[in-house]
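This report looks at how aromatic rings pair with one another in the structure shown here.

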Amino acid sequence: MTWFAAAGRVLLFSALCVFLGWLYGYPLQALALALAYVVAFWLYQIHRVQRWLQDPDRPPPDTFGIWNELLARLYLHQRKNAEARKQLQGSVKYLQDSFASMRDGVVMVDAQGAIKWFNQAAESLLGLRYPGDTGQTLTNLVRAPEFNEYFLGGDYSRPLQYSLAGERPIHLRVEITHFGEGERLLFVRDVSESVRMEQIRRDFVANVSHELRTPLTVISGYLSTFVASGGELTERYGKPLRQMSQQAERMETLLKDLLWLSRIESEQRAEAQEQVDMTGLLQELREELAGTYPGRPVELELDCTQKILGDYRELYSAVSNLAHNAIKYSPDDSPVTIRWYSKGDKCIVEVEDRGIGIDSVHIPRLTERFYRVDDSRNSATGGTGLGLAIVKHVVAAHGGELRIDSEPSVGSTFALIFPGGD
Ligand code: ADP
């Protein structure tokens with residue numbers, strides 16, 4: 001029944017009463033009686049609806065006309081809502097049951113940062129206690145400053161890894177995703193074992209490199225003496241001796257790079273933090289390049305006075321690797337430009353060449369150890385394939401990132417982007 005039909009009924013009823021009243025000589029009194037009856041009836045219906053709404057799971061009371069339709073619709077709506085709520089509760093329960101058995105810690109946090117639920121693994125990994133900590137603010141309970149900064153920072157594009165000091169340090173990896181209306185889901189994993197394995201691998205590489213250095217120095221020393229001595233020996237074995245000497249020299253460079261890389265990677269890197277004057281560093285580098293590559297145009301554009309908090313030797317090795325590459329991978333007379341400037345909140349060192357360039361398919365892999373664009377390129381230039389891996393680690397250790405732009409046959413620009421501009 002439509003609203004118009006209901007209003008029509010009321011009008012019709014009132015008109016009938018007025019007519020009857022008119023027949024007996026009391027039309028106005030009859031109208032007043034009719035309206036009083038309508039109001040009383042509606043009030044009674046409202047009362048029944050109100051009573052029914054206190055327990056809406058029961059079917060609605062029987063009535064008639066527009067009230068019937070209104071109640072039927074309300075009841076349907078109610079049922080649908082209840083169904084949806086049940087389904088949602090079912091899904092949350094299912095998720096919680098699945099998370100409960102996981103070895104990774106899982107914590108559900110509401111939009112205000114209060115804990116809604118967590119599994120048993122989260123209890124031991126984050127030190128939470130059930131049920132007392134439910135409803136508490138997560139950052140008040142997890143004391144690690146790195147964690148709080150990450151959680152409150154809101155940028156969860158990368159996972160966070162942090163360590164808890166102790167007799168046997170624990171390394172945790174945290175990932176956060178958003179769900180629902182501002183709620184967050186935290187996954188915490190104990191990665192101590194893989195961190196330990198990675199450390200063993202690094203130590204192994206560093207130890208092997210170190211052990212190989214002494215015998216190699218002896219071999220390379222003798223070879224250089226043979227090559228330099230002339231006489232009958234060099235007449236007969238000149239070419240192989242020179243080749244052996246060259247390869248021994250390459251191996252020495254390789255070991256030097258490997259040792260340097262493991263030093264940069266090691267967690268106990270010397271805390272040689274100082275305010276590094278990049279202007280002075282780049283001028284020193286240009287002098288070194290002028291000595292190694294006389295006549296090669298190397299332009300220096302210094303537009304920044306900012307200093308970088310870090311390790312001078314590491315920063316020098318990073319920019320030096322980029323500059324050597326720029327020279328190695330471009331024609332003899334082509335210029336190389338080194339820039340130092342600030343942009344927004346970043347300080348940038350840029351090394352630009354107009355050399356052979358790099359196809360874009362190689363760019364994402366360039367910083368992997370021993371990755372080369374092609375072997376012929378490498379044997380011609382005598383590189384070790386570790387240079388860019390060193391650069392990447394140095395810049396990451398200084399809180400920055402490496403950006404590579406390159407186009408084959410046009411040239412390349414390698415940029416070290418550090419936080420903290422003007
Ligand atoms: P390498 O010792 O071989 O130079 P790197 O790690 O420094 O090792 O560089 C990796 C590879 O990236 C190089 O082998 C080279 O193919 C490519 N590359 C690096 N810098 C440049 C550049 N400026 N122009 C062209 N190719 C480059």
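## Aromatic pairs

Trp117 is buried, with a relative accessible area of 16%, where buried means under 20% relative accessible area, exposed over 50% and partly exposed in between, with a 1.4 Å probe and protein chains only. The model is a predicted one, in which local features need pLDDT of at least 70 and side-chain atom pairs count only at pLDDT 80 or more, while totals for chains, interfaces and linings use all residues. Residues are numbered from 1 along each chain as its sequence is written, and side-chain values use heavy atoms, with hydrogens and water left out.

A search of the whole structure gives twelve aromatic pairs; rings of Phe, Tyr and Trp (its six-membered ring) pair if their centres lie within 6.5 Å, and planes under 30 degrees apart count as stacked, over 60 as edge-to-face and the rest as tilted. Two of these pairs are set out below.

| Pair | Geometry | Centre to centre | Between planes |
|---|---|---|---|
| Phe99 and Trp117 | tilted | 6.5 Å | 40° |
| Phe118 and Tyr130 | edge-to-face | 6.0 Å | 80° |

Phe99 counts as buried, at 9% relative accessibility, and ring pairs join Phe99, Trp117 and Phe187 into a cluster.

Because Phe118 lies in strand β2 and Tyr130 in the loop between α4 (120-126) and α5 (138-141), their pair ties together parts twelve residues apart in sequence. Phe118 is buried at 5% relative accessibility, whereas Tyr130 is exposed at 57%.

Definitions and conventions: Helices (H or I, at least four residues) and strands (E, at least two) are DSSP runs, numbered from the N terminus.
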